[in-house]
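Open the model in your viewer and keep the selection panel to hand. The stops below are in the order in which to select them.

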Amino acid sequence: VQLQASGGGLVQAGGSLRLSCVASGIFFGSHVMGWFRQVPGREREFVAAIDGRGRSPAYSDVVKGRFIISRDNNKNTVYLQMNSLKPEDTAVYYCAAQPIRSVYYTLGRTESDYNAWGQGTQVTVSS
């Protein structure tokens with residue numbers, strides 16, 4: 001399994017970035033895809049997740065209304081559109097895959113829900 005994240009960079013506060021994560025080695029449509037972020041000295045934090053068909057996205061309260069998660073199953077890619085960025089959004093952003101094991105699954109919000117991770121992409125928001 002390989003998840004390759006890209007799209008990070010330096011942006012001014014109020015700006016936008018779109019992150020991408022391409023998956024290989026998995027049946028993409030059978031996985032919830034999530035985004036997490038981490039700053040030095042702090043635990044990895046849930047950002048957003050989306051189900052295998054691209055429905056019912058979930059967001060953390062701090063990004064809800066500013067970030068949009070989406071996916072293209074034909075391209076094995078999940079996206080995170082980040083708008084109205086704030087300096088506190090500065091972090092390394094990771095994509096992750098959660099296998100869907102039953103019809104009663106829920107979108108994972110903790111690291112232990114996911115079993116595959118990308119390498120991370122740095123997002124820096126200047127004030």
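Start with the salt bridges, each defined as a side-chain nitrogen of Lys or Arg within 4 Å of a carboxyl oxygen of Asp or Glu. By that rule there are six salt bridges. The model is a predicted one, in which local features need pLDDT of at least 70 and side-chain atom pairs count only at pLDDT 80 or more, while totals for chains, interfaces and linings use all residues. Residues are numbered from 1 along each chain as its sequence is written, and side-chain values use heavy atoms, with hydrogens and water left out.

Select R37 and E45. Their side chains form a salt bridge, 2.8 Å from N to O. For burial, the terms are these: buried is under 20% relative accessible area, exposed is over 50%, and partly exposed is in between, with a 1.4 Å probe and protein chains only. R37 counts as buried because its relative accessibility is 5%, whereas E45, at 28%, counts as partly exposed.

Next, select R44 and E111. The salt bridge between these side chains has an N to O distance of 4.0 Å. The pair links distant parts of the chain, 67 residues apart: R44 is in the loop between β4 (31-38) and β5 (45-50), and E111 is in the loop between β9 (91-99) and β10 (116-117). Strand and helix labels follow DSSP runs numbered from the N terminus (helices are H or I, at least four residues; strands are E, at least two). Both ends are partly exposed: R44 has 21% relative accessibility, and E111 has a relative accessible area of 37%.

Now select D51 and R55, whose side chains meet in a salt bridge at 3.3 Å, N to O. Is D51 buried or exposed? D51 is buried, with a relative accessible area of 4%, while R55 is partly exposed at 44%.

The structure holds one disulfide. The link is right-handed, with 60° about the S-S bond. It connects C21 in strand β3 to C95 in strand β9, 74 residues apart. C21 is buried at 0% relative accessibility, and C95 is likewise buried at 0%.

Finish at T77, in strand β8. T77 is buried, with a relative accessible area of 5%. A polar atom of the T77 side chain lies 2.7 Å from the backbone oxygen of K75. Show the residues in contact with T77, contact meaning heavy atoms within 4.5 Å. Apart from neighbours within four places in sequence, they are S20, C21, V22, F28, S70, R71 and D72.

Technical notes
Disulfide = S-S within 2.5 Å. Polar contact = N/O pair within 3.5 Å; in protein donor to acceptor, adjacent residues only side chain to side chain.
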